[in-house]
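Colleague: I am new to this one. Can you take me through its charged side chains?

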Amino acid sequence: MTEDTKMNFWQDHSLEYLEMALKRDFQERVENPDGYGKRTGECGDTVEFFLMEKDGLISSVSYDVDGCKNTNACANTVVQFATGRSVADAWNITHEAVSDYLKTLPSHENHCAELAVGAFYLALRDLAGNCNQTDTEENTTDGQDVIV
């Protein structure tokens, strides 16, 4: 790669990408979430989502990432898209929408968006299962971990 073709991180990325890649406001592990999902990609990055639901809406989303800035950008975008949405509508969040929002996610890093959305879907599935439990059942997660 020549000096002229090197990417300048600050100049060559959209403001949306930069904000999402560097933001850490919602990076938090939550004990006893209403929904939990974890996914590890072939690249070795891991994303975990922690969902809280109130009155059919996703009231809080937090995440933890062990991975690159691209994965962090995608996880933050999912948080932004999901917070305040109905649980049913949250299933409409796609990896394409995440990539489109970020504008400058490198095409060879689209797997980061797939990883983040996949972990989020696992959290939604867990949330749905927990919502169907009776009040006397313990609200636990099964530690879902899927390699993609």
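Colleague: Is Asp64 buried, partly exposed or exposed?
Modeller: This is a predicted model. Asp64 has a relative accessibility of 21%. Buried would need under 20%, and exposed over 50%. So Asp64 counts as partly exposed.

Colleague: Which side chain meets Asp64 in a salt bridge at 3.1 Å, N to O?
Modeller: Side chains of opposite charge can pair when their charged atoms come close. The cut-off here is within 4 Å. At 3.1 Å, N to O, the partner of Asp64 is Arg29.

Colleague: How many residues apart are Asp64 and Arg29?
Modeller: Asp64 sits in strand 3, residues 57-66. Arg29 lies in the loop between helix 2 (15-22) and strand 1 (35-40). The pair links distant parts of the chain, 35 residues apart.

Colleague: What is the distance between the closest N and O atoms of Lys23 and Glu19?
Modeller: Glu19 is partly exposed, with a relative accessible area of 40%. Glu19 forms a salt bridge with Lys23. The closest N and O atoms are apart by 3.8 Å.

Colleague: How many salt bridges does the count come to?
Modeller: A pair counts when its nitrogen and carboxyl oxygen lie within 4 Å. By this rule the count is 5.

Methods: Residues are numbered from 1 along each chain as its sequence is written. This is a predicted model: local features need pLDDT of at least 70, side-chain atom pairs count only at pLDDT 80 or more; totals for chains, interfaces and linings use all residues. Side-chain values use heavy atoms; hydrogens and water are left out. Buried means under 20% relative accessible area, exposed over 50%, partly exposed in between (1.4 Å probe, protein chains only). Helices (H or I, at least four residues) and strands (E, at least two) are DSSP runs, numbered from the N terminus.
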